[in-house]
Amino acid sequence: MTQVSMTVNGKAASGEVEGRTLLSSFLRENLHLTGTHVGCDTSQCGACVVHVNGEAVKACTILAAEAAGAEVTTIEGMANADGSLSVLQQSFQDHHGLQCGFCTPGMVMSAAALLKENPKPTEAEVRDYLEGNICRCTGYHNIVKAIMAASGQEVAAVAAE
Amino acid sequence: MYNFDVVVPGSVAEAVAALGEEDAQALGGGQTLIPTLKQRLASPSVLVSLSGIAEIKGVCKTDDGQLSVGGGTTHATVAREAAGTFAGLAGLAGHIGDPAVRNRGTIGGSLANNDPSACYPAAALGTGATIITNAREIAADDFFQGMFTTDLEEGEIITEVRFPVPEASSYQKFEQPASRFALVGVFVAKFADGVRVAVTGASNDGVFRWDEAEAALSANFAPEALDGLTVSGDDMINDLHGTGAYRAHLVGVMAKRAVAAAS
Ligand SMILES: Cc1cc2nc3c(=O)[nH]c(=O)nc-3n(C[C@H](O)[C@H](O)[C@H](O)COP(=O)(O)OP(=O)(O)OC[C@H]3O[C@@H](n4cnc5c(N)ncnc54)[C@H](O)[C@@H]3O)c2cc1C
Ligand code: FES
Ligand code: FES
């Protein structure tokens, strides 16, 4: 076991991990931040997406030891300081961008990374960016709408594919 | 996963030393290796993470006009930084997997792994790139030695890949929609002295050059130049995603698309 330290949602966090401990396990089991979901554990579904030094990564496919010293942001760090939902999160609610909600943390983290890189994406760019985020419920349509709306764009024209 | 230790050296020299330990293995972006470890298909005692080595990251032009990509450079960085100088390579990197995979996965890991359906091997072979390691320089034509097999020695690290920049190039892949790897991918590169064509995803022997297409396109760089040319499906991958004959057909289709799209 070795000690790892990183900054998670702006706060210092550390814990004892094995070499094989995944960042997803460290967040969920050591820090009890269970908002980061593990859907597949095979790098396919994107439910576990978090930001490491500002970039979207699959927390199930990076070792906790590799994130040592990094700035990590999880879904728990996305709300406003007063605890109210961020514009992007609120948009998911307003546009019915979730049903069971299992994929939602990863969707929000991927969407936030997209909007940081590209503040006014086209519908095609949103769909393309979400390639690695799988949702079994919504059919994606309302997720795309939620992200377009959060970027301040008109969503009436977003059509189901 | 079986357990292992993790070390994060800061230089190539330290990484090479750490890889000298018995059962040590390099960890690039982990986008192939971590899933493999989860399946217990590998059991290294030490993983030597290359992510802390600044000297093997980044993209730049060399004095002789080639594009140099550090072995530890992520796909996302190549997509961004090669866009102005080598659009065919940037386009390839920008369509590997998904954004989260591209933020971690590296060119060195992709080439070292030599998955028969991986994208980067097609760019390396399709341009005649040079793979540079801590020990030597290897021509792409000698580097790939059949699926999941390369010329790398145990513990050897890819530190840089040097690409001759073509006048025009394009990589077109027919995506396997579940994995996003290439069901078939073709890289076409036009140089002053001729055209190179490399095919991935198709052959049981991994990436290969399509000689007849190279000859035809060197004479006339147009999609029609490939009319009537076919490759045999006999030695091609035959799986639930497609038969060898289907892949052989796709090779021709994707090659034409790549010529049409080359810029
Ligand atoms: C969901 C998903 C989709 C993907 N889609 C595609 C795709 O469309 N096209 C595609 O080409 N790939 C795809 N990949 C694979 C991805 O590109 C990997 O990043 C890549 O194949 C391996 O690179 P890595 O840096 O992650 O290497 P790792 O997984 O860390 O390592 C892979 C192997 O290379 C060795 N290695 C790593 N770095 C070096 C180095 N510098 N020198 C020597 N040896 C080294 C390791 O020891 C290991 O054996 C996908 C992966 C995932 C998870
Ligand atoms: S749990 Fe990480 S990608 Fe599915
Ligand atoms: S809302 Fe249920 S998986 Fe997306």
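A word on terms before we start: domain bounds here come from an automatic or database domain assignment. For chain B, that assignment gives domain 1 (5–163) and domain 2 (168–261).

Keep in mind that this is a predicted model. The scores are ipTM 0.96 and pTM 0.97. Chain B has a mean pLDDT of 97, with 100% of its residues at 70 or more.

Stay with chain B. The C-alpha centres of domain 1 and domain 2 of chain B are 23 Å apart. How many residues are in contact across that boundary? Domain 1 of chain B puts in 21 residues, and domain 2 of chain B puts in 25. On the domain 1 side, helix H4 (87–93) and helix H7 (120–127) of chain B each supply at least two residues. H7(B) has the largest share, six residues. By class, that side of domain 1 of chain B has 10 nonpolar, 10 polar and one charged residues.

Now chain A. Its assignment gives domain 1 (2–76) and domain 2 (87–150). Their C-alpha centres lie 21 Å apart. The contact takes 15 residues from domain 1 of chain A and 11 from domain 2 of chain A. Which elements give two or more residues to the domain 1 side? In chain A they are strands, S3 (49–52) and S4 (55–58). S3(A) gives the most, three residues. By class, this side of domain 1 of chain A has seven nonpolar, seven polar and one charged residues.

So much for the two chains. Over to you.

Technical notes
Residues are numbered from 1 along each chain as its sequence is written. Chains are lettered from A and ligands numbered from 1 in the order in which they are written. This is a predicted model: local features need pLDDT of at least 70, side-chain atom pairs count only at pLDDT 80 or more; totals for chains, interfaces and linings use all residues. pLDDT is the predictor's confidence in each residue, from 0 to 100. Two residues are in contact if their C-beta atoms, placed from the backbone, lie within 7 Å. Helices (H or I, at least four residues) and strands (E, at least two) are DSSP runs, numbered from the N terminus. Ala, Val, Leu, Ile, Met, Phe, Trp, Tyr, Cys and Pro count as nonpolar, Asp, Glu, Lys and Arg as charged, and the others, Gly among them, as polar.
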